[in-house]
Amino acid sequence: MTKKHTVILQPSGRRGKVDEGTSIRVAARELGVEIESICAENATCGKCMVLIEEGRFEKYNVDSKREHLSPVGSDEQAYFARRPNLLKTKGWELGQVRLSCQCKVLGDVLINVPEESRGNKQIVRKSARERAIEIKPSVRKYYVSMTPPNLERPIADWERLAKGLEISMGLVRRGEENLPRWSDLSIDYACLRTLSSTLREAKWNVTVSVWQDKEVIAVQPGYVEESYGAAVDIGSTTVALYLCNLRTGEILAAESEMNPQIVYGEDVMSRIQYSIEHKDGLEKLHKAIISTLNKLLKQAIKSANLSLRAQVAKQSSDEEENPTDEVPLFSQGLLRREEHSPRNDMKTDEILEMVLVGNSTMHHLLLNLHPKDLGLAPFVPTIHKSVDVKARELGLQINSSGNIHVLPTIASFVGADTSAMILAEEPHKQDENWLLIDVGTNAELILGNRKRLVCTSTPTGPALEGAHVEYGMRAAPGAMERVHIDENTLEPKYKVIGVDGWNTDHAEFRGHVKGICGSAIIDSVAELFRAGIVDSRGKFKKGLGSTSSPKGDRIREGASGWEYVIAWAEETSIGRDIPITQQDVRQIQLAKAALFTAARTLLKRSNLESPDKIILAGGFGSYIDKEKAMLIGLIPDCALENVYAVGNAAGDGARIALLNVEKRKEIESVTRRVERFELPTDPEFQNQFMLATSFPHMSESFPHIAHLIPHRVPDPLAKNFMK
Ligand code: FES
């Protein structure tokens, strides 16, 4: 039997027994304390640092010692070796401070989780947009009233129901060619197994749900008006689920969670790698996403039921005052009012269909298809076409006869989420050339119009989401989300998630800031460039002299090179200055060069100088300041009024496909004619990438933001890369 040890976490005071060998980070989660991580526990982010308190703690009856944790491993050593000043400034020593993702419990320990390591629930920026969607779901409901069998007409239950569907509801009309007849209908086996008992219990009056006018997937007693479905966008970082009413299109609940696969790899390549290197890798990754989807379904039903109950209560009181014949079967005499009562307790088996989208790796892991060939030349997925599969085959807890529809993929790294984005934004119906960009750890780009669409993808790395940036963090309370620098005084001001206004609007602004999230990282780098603190090649300019800050020079040489302090220690909740460092600027340069080069390649292949419109999709795209994004050359030059952020377009596309079955056919045909370009095989890629590392670019003029940087001078290095 595995030995157990006591772990006590301070300052929360949570404690409990955990198995020997459990990492402190996992133990903390088991005990209800979330510890930060943005490197998928790869010992590279340092966000999970904890301190071990040594000695005898009578109150808890434990002897806590560093030897009660596994020895400091090579990855952990390497992390601290790269930051020699980190321990010095805090007065800590290695062994006392540990990376909680790396150290394992070998005995009783009391652990102090410092403020900066405490996890906050990320603000998941994936809310759904109001959209006009024509409702034509793939699942339709039909009320069927049958005469019970007797000795003269002993027809079997299924045939009786199918004929009932044909005759009563005109699902299949006799005499019309090309329309299926009752004998063309089928019934899902799981539904067939309960058919006889349901028909008898319901006294032969049932509501039948038919999928794509060909398969019966649910038979419910009496008259049931509503059907439900779920649309899901599986991102590498976040999973968003929208529970919808299939009759009205209304979003009943929207829920999101972090993608649990992140512990196996922070980006798609590392997850593919994990599945290749571990025998049970695919199984673990697949199960992780399925269990999260089931959790989200449960949460969504809970929230939807709360609002349904409120609606029903209101409806009942309204009806008492003004009775109506809103249900058509009342007026036709087919249904008595007492046989129909409004529903207020939706259950998982009333969810009859799910539409899912995700990048190609998420798509394969969801469908339990091995993703190894996505990561190896010639980079081919198992399937491009859309997939319909029974929910029960994937272990998804909706109606077991319900179907899962997964949108088509376009290329190895341009997946079903991009198909959904196209469906939502419709570049294929435009005369102008639109550039759609979905920014994440991987960026997907689509360019074109009704005549031609081209696409590509590029890894942008996690820097844009706050990882690999010294004080980077996810968008959570305590994260800076906006930064502005005065070009005369070089003094900054900033906004923090969870606090209204700028820090300078408050007489006292202390103890709130913990780190910098993606949108503020873009702001900071753009502002450093605009204010002339860094040059167009991203280098800090030395000798700018003291600023007007009473605390001293914000531009200083720090532990890892030059840096600019945005928040002094006393303004933060971590007790340390929060700077943007030279290294951070470099990380952003690499990410933005990758994205810009991808866009430039597509423009060139389409013989265009610039797009007519830029659409930024994804949670990150919605929160970045478009002017700042253009100022650093993250996106190509374009009139700013033609740059739009559209939020979670992939989630919107999934919802459209859920609510309108014809849209599934439309996107199937559009995706087959999108031309794909692989960037690494482009002979100009390296030179273009080098040109794009400068702010905003080494050779391009960027007329729409030129007024913001009047000090800009041509870079003599440019000609070396312009061949
Ligand atoms: S270093 Fe432990 S989670 Fe990143």
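Author: In this structure, a residue is buried under 20% relative accessible area, exposed over 50% and partly exposed in between (1.4 Å probe, protein chains only). This is a predicted model with local features needing pLDDT of at least 70 and side-chain atom pairs 80 or more, while totals for chains, interfaces and linings use all residues. Residues are numbered from 1 along each chain as its sequence is written, and side-chain values use heavy atoms, without hydrogens and water.

Reader: Is L376 buried, partly exposed or exposed, then?

Author: L376 is partly exposed, because its relative accessible area is 43%.

Reader: Where does L376 lie?

Author: L376 belongs to the loop that separates α9 (360-366) from β16 (387-390). Helices (H or I, at least four residues) and strands (E, at least two) are DSSP runs, numbered from the N terminus.

Reader: How far apart are L376 and S412 in space?

Author: Their C-alpha atoms are 9.9 Å apart, although 36 residues separate L376 and S412 in sequence.

Reader: Changing topic, how many helices and strands does the chain have?

Author: The chain has 19 helices and 29 strands. Of its 723 residues, 57% are buried.

Reader: What share of contacts join residues at least 24 apart?

Author: The share is 67%, taken among contacts in the chain between residues at least 6 apart in sequence. A contact means heavy atoms within 4.5 Å.

Reader: Which loop holds S117, please?

Author: S117 sits in the loop between β7 (109-112) and β8 (139-145).

Reader: Why does S117 count as buried?

Author: S117 counts as buried because its relative accessibility is 1%. Leaving out residues up to four places away in sequence, S117 touches E34, I35, E36, K47, C48 and M49.

Reader: What is the order of strands in the open sheet with mixed pairing?

Author: The order of that sheet, which has 3 strands, is β22-β21-β23. Two strands pair if DSSP finds at least two bridges between them.

Reader: Which strands stand at the edges?

Author: β22 (492-496) and β23 (515-516) do; each has a single partner strand, so one side of each is left without a neighbour in the sheet.

Reader: In which sense do β21 and β23 pair?

Author: β21, residues 479-485, pairs with β23 in the parallel sense over 2 bridges. M480 has I516 of β23 as its bridge partner.

Reader: What else does I516 touch?

Author: Besides M480, and not counting residues up to four places away in sequence, I516 touches Y471, G472, M473, I521, I566, I578, P579 and I580.
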